[in-house]
Amino acid sequence: MLCAVVPRFANAEIRILASTGGEVGPFLNLFERVREMGERVVIDGPCLSACTLVLDVVPRDRICVTRRAILGFHAARSVDQRGRMYAEPEASAAVLQAYPEAVRGWIARRGGLSSRLLLLRGRELAAIYPRCR
C-alpha cells in the first residue's frame, strides 16, 4: 500500500516515510504524477518492494535520501485467487532492467532478485543517491 507517502506542496516534494510496497499499478501512477509535476522525492524511511519503482519513474536528479532511508528489493510475485504466491520471472527481469545501473549492479552483487528481501541503506545507498539537504 501507499503508506506514509506525504506530499509537501510548499516545497514541491514528496517525502516517503514508510512504505511496505503493494500492487505495482498505484505506485506507477503516483510516481508518474510526481514526475510530471516536477516534484522532488525525499526517501526518509523504508521504501520497499513496489515503492522502489520510484527509482525508475522519477529522474535520478530529483531523488535524495536521508540517513533513515532504506530501499528493499525482491523478485516480482503474484497472488492467485486462493492466496497462493507465485514467482513472476519475466516481471522480475523487466523491473531489474528498469532500475538505474548502479542499483542493478548492487542487486547483482547480492545474488540478484529472489524471494529474499535485499536492503540497500546507509553508506551504500548514499554512494548511489545524494543525501537530502
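Arginine 84 is partly exposed, with a relative accessible area of 47%, where buried stands for under 20% relative accessible area, exposed for over 50% and partly exposed for what lies in between (1.4 Å probe, protein chains only). Its salt-bridge partner is aspartate 80, and the closest N and O atoms of the two are 2.9 Å apart; aspartate 80 is likewise partly exposed, at 23% relative accessibility. A salt bridge here is a side-chain nitrogen of Lys or Arg within 4 Å of a carboxyl oxygen of Asp or Glu.

This is a predicted model, in which local features need pLDDT of at least 70 and side-chain atom pairs count only at pLDDT 80 or more, while totals for chains, interfaces and linings use all residues. Residues are numbered from 1 along each chain as its sequence is written, and side-chain values use heavy atoms, with hydrogens and water left out.

| Aspartate 80 | Arginine 84 | 2.9 Å |

Helices (H or I, at least four residues) and strands (E, at least two) are DSSP runs, numbered from the N terminus. Aspartate 44 is buried at 7%, whereas arginine 68 is exposed at 55% relative accessibility.

The aromatic residues give a second set of contacts. Rings of Phe, Tyr and Trp (its six-membered ring) pair if their centres lie within 6.5 Å, and planes under 30 degrees apart count as stacked, over 60 as edge-to-face and the rest as tilted. By this rule there are 3 aromatic pairs. In one of them, the ring centres of phenylalanine 73 and tyrosine 99 are 5.1 Å apart with their planes at 85°, so the pair is edge-to-face. Phenylalanine 73 belongs to strand β6 (residues 70-73) and tyrosine 99 to the loop between α3 (89-98) and α4 (101-109), so parts 26 residues apart in sequence are tied together. Both are buried, phenylalanine 73 with a relative accessible area of 0% and tyrosine 99 with 4%. Phenylalanine 73 also forms a tilted pair with tryptophan 106, at 6.1 Å centre to centre and 50° between the planes, and Phe73, Tyr99 and Trp106 form one aromatic cluster.
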